[in-house]
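I opened my notebook to look up a few things in this fold. Here is what I wrote down, entry by entry.

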Amino acid sequence: MDPVSTNPDDRRRCSVLGVPVDACRDVRAAAVGLHAAGGGRIVTLNAEMTMAARANPELGQAIATANLVIPDGAGVVWALSLQGVNVVKSAGIELAWSLLRYAAAHQWRVALVGSAPAVMDVLRRDLPQRLPGLNLALAVDGYQPAEAWPGLEAELRDLKPDLVLIALGVPRQETWSQRVCQGASGVWMGVGGSFDVWAGVKRRAPAWMCRWQIEWLYRLLQEPSRWRRMLSLPAFVWDVLRKGRA
């Protein structure tokens with residue numbers, strides 16, 4: 001298999017079913033490198049999002065223009081392995097938490113956007129205690145009225161945060177951040193349900209399920225209503241096997 005570069009900030013842009021994904025040895029180093037280079041967007045790609053991007057051109061464009069697309073899913077890692085690209089699954093929730101720790105240690109200004117009001121209340125209270133030194137410059141839930149969003153976006157631009165974590169769900173968090181962060185500095189990253197996990201509202205899959213790469217099954221057991229979305233997984237496998245190096 002082709003080795004990934006030994007330079008932790010080097011990235012090799014690959015493609016799975018026409019959707020870009022980056023292979024790099026150290027995703028945190030690559031993410032911090034974006035900040036040093038003036039900012040950029042991070043997307044966490046799994047099989048479900050890959051299929052969604054193929055059906056949704058706006059999401060596909062948001063992924064294609066991201067500065068770093070990490071393989072956040074066993075399916076994407078498997079698809080890359082068929083191309084001879086050896087990468088390790090990089091869980092988005094772990095990268096986001098690592099960036100928060102880095103932010104606390106380096107006096108970064110952090111903005112959190114999304115999730116439910118009760119979840120954001122917990123994060124405002126608990127995160128600075130769990131991460132001493134964290135500068136939580138803005139923390140606003142995702143249930144804002146439509147007329148409030150332009151003001152929030154302007155506030156974010158004026159604030160110039162070093163790190164923006166966005167939990168608005170796919171595809172909104174990707175398309176929204178693509179539009180809002182244009183010309184802005186800092187690292188912007190969609191984090192899905194990470195806020196819910198950090199607030200204790202939901203639990204992450206047990207370690208053994210993570211090792212066996214069946215976190216999707218745990219999420220399905222927690223949220224049975226996801227079953228329709230999970231139908232994209234066998235479709236993803238079939239398309240990868242049928243199209244090969246797409």
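Predicted model: local features only at pLDDT ≥ 70, side-chain atom pairs only at ≥ 80, totals over all residues.

I started with Gln-107, which sits in the loop between H5 and S5. Gln-107 is not a glycine, yet its phi is positive, at about 60°. Is Gln-107 buried or exposed? Its relative accessibility is 61%, and the cut-off for exposed is over 50%, so Gln-107 counts as exposed.

Next came Leu-17, in the loop between strand S1 (12-16) and strand S2 (19-23). Leu-17 also has a positive phi, about 55°. Leu-17 is buried, because its relative accessible area of 7% falls under 20%.

I then found a cis peptide bond between Val-170 and Pro-171, with omega about 10°. Pro-171 is in the loop between S7 and helix H8 (172-180). For context, I jotted down that most peptide bonds are trans.

**Cores**

The largest nonpolar core has 38 residues, and Leu-100, Leu-165 and Phe-195 are among those that touch the most other members. Which helix gives the most to this core? H5 does, with eight residues. I followed Leu-165 and found contacts with Ala-96, Leu-112, Met-189 and Trp-198, among others. A second, separate core of 25 residues includes Leu-17 and Cys-14.

**Surface**

Last, I looked at a nonpolar surface patch of about 260 Å², made by Leu-82, Val-237 and Leu-241. Val-237 lies in helix H13 (residues 232-243) and is partly exposed, at 36% relative accessibility.

Conventions. Residues numbered from 1 in each chain as written. Heavy atoms only, no water. Core = buried A, V, L, I, M, F, W, Y, C linked by side-chain atoms within 4.5 Å. Buried < 20%, exposed > 50% of the residue type's maximum accessible area, 1.4 Å probe, protein only. Helix = DSSP H or I, 4+ residues; strand = E, 2+ residues; numbered from the N terminus. Contact = heavy atoms within 4.5 Å. Patch = residues over 30% accessible without salt bridge, like charges linked within 9 Å, V, L, I, M, F, W, Y side chains within 5 Å. Areas by Shrake-Rupley, 256 points an atom, 1.4 Å probe, with all protein chains shown as cover. Salt bridge = Lys/Arg side-chain N within 4 Å of Asp/Glu carboxyl O. Lists of a residue's contacts leave out its neighbours within four places in sequence.
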